[in-house]
Amino acid sequence: MLVSPSKLRHAQQIAVRGFFLGLAFIFSQFAYSHTFFESIVNIETNPKSGNLEIVHSYTLHDLTAVLMAQTQLAINLEHPEHEAVLRHYIERHFKLRQGDDVVELQWVGIQITPQLVEIYQESTEKQDLTKLELQQTVLQDSLAKQINRVNFQQGEYKGTVIFSGDRKWRKLQ
């Protein structure tokens with residue numbers, strides 16, 4: 001059975017519309033899939049070197065969505081250039097200091113799972129957590145409900161600092 005060109009075009013238009021409506025539905029469900037926005041950063045001291053080891057954990061789709069909105073790029077964090085974009089973003093929004101001196105953090109790398117991005121950094125010198133202050137504003141410019149929890153431990157000295165939207169520096173206590 002032959003189909004006329006006009007009926008074929010009409011069927012193609014319906015298929016394309018259906019496809020885009022389906023995508024819109026999926027993305028609308030995805031956008032509302034969670035309303036709880038929290039990251040966790042763990043800071044510990046390497047017992048051998050005395051340097052700080054920092055592990056950040058962020059929800060993959062939240063972090064990539066923010067980076068895409070800021071850069072207008074289709075972000076794929078497995079691509080080295082996009083990892084560099086992530087690195088620059090993290091370095092702007094996560095900082096440690098002692099007095100007026102910002103602590104230099106070395107980028108170690110990332111690990112990506114279907115749900116999370118884990119980011120690894122370390123200090124280049126020994127640090128005393130009792131003397132440090134921290135600023136952690138990752139995702140907070142774009143996600144109003146974003147909470148950033150920072151857990152820290154150096155020997156018996158340990159605790160948690162929570163950032164919920166302000167840009168204040170906080171002592172690790």
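**Entry 1: Glu133 and Arg97**

I began with the side chains of Glu133 and Arg97, which meet in a salt bridge with an N to O distance of 2.9 Å. I placed Glu133 in strand E7 (residues 133-136) and Arg97 in strand E3 (residues 94-98), so this pair ties together parts of the chain that are 36 residues apart in sequence. I note here that the model I am reading is a predicted one.

How many salt bridges does a search of the whole structure find? I noted three from that search, and I then went through the remaining pairs.

The side chains of Glu38 and Arg149 form a salt bridge at 2.5 Å, N to O. This pair links distant parts of the chain, since I found Glu38 in strand E1 (residues 38-45) and Arg149 in strand E8 (residues 147-154), 111 residues apart. I recorded both ends as partly exposed, Glu38 with a relative accessible area of 22% and Arg149 with one of 27%.

Glu91 forms a salt bridge with Arg87, and I read 2.9 Å between the closest N and O atoms. Here both residues lie in helix H3 (residues 80-93), four residues apart, which is about one turn of the helix. I again have partly exposed residues at both ends, with a relative accessible area of 33% for Glu91 and 35% for Arg87.

**Entry 2: the sheet around E3 and E7**

I returned to the strands of the first entry and found an open sheet of four strands in the order E4-E3-E7-E10, with antiparallel pairing. Which strands form the edges of this sheet? I identified strand E4 (101-102) and strand E10 (170-171), each of which pairs on one side only.

Between E3 and E7 I counted four bridges in the antiparallel sense, and I noted that Lys95 has Gln135 in E7 as its bridge partner. I also looked at what covers these two strands, and I found that H3 lies across E3 and E7, running at about 45° to E3.

**Entry 3: the nonpolar core**

I next looked up the largest nonpolar core, which has 33 residues, and listed those with the most contacts inside it as Ile43, Leu63, Leu86, Ile90, Phe94 and Leu96. Helix H2 (residues 60-71) gives the most to this core, with four residues.

I followed one of the listed residues, Ile90, and, leaving aside residues up to four places away in sequence, I found that Ile90 touches His56, Tyr58, Trp107, Ile119, Gln121 and Val138.

**Entry 4: helix H2**

I checked the length of H2 and found that, at 1.5 Å a residue, its 12 residues should span 16 Å, which agrees with the 16 Å between its end C-alpha atoms.

Which residues of H2 are buried? I listed Leu60, Asp62, Leu63, Thr64, Val66 and Leu67, and I note that Leu63 is also among the residues with the most contacts inside the core. Looking at what surrounds the helix, I found that the buried residues of H2 pack against strand E2 (51-59), H3, strand E5 (105-112) and strand E6 (116-126). Last, I looked at the backbone just after H2, where Gln72 takes a positive phi of about 65°.

Key: Residues are numbered from 1 along each chain as its sequence is written. This is a predicted model: local features need pLDDT of at least 70, side-chain atom pairs count only at pLDDT 80 or more; totals for chains, interfaces and linings use all residues. Side-chain values use heavy atoms; hydrogens and water are left out. A nonpolar core is a set of buried Ala, Val, Leu, Ile, Met, Phe, Trp, Tyr and Cys residues joined through side-chain atoms within 4.5 Å. Buried means under 20% relative accessible area, exposed over 50%, partly exposed in between (1.4 Å probe, protein chains only). Contact means heavy atoms within 4.5 Å. A salt bridge is a side-chain nitrogen of Lys or Arg within 4 Å of a carboxyl oxygen of Asp or Glu. The expected span of a helix is 1.5 Å times one less than its number of residues. Two strands pair if DSSP finds at least two bridges between them. Axes are lines fitted to C-alpha atoms, for helices over the stretch in contact, and angles run from 0 to 180 degrees between N-to-C directions.
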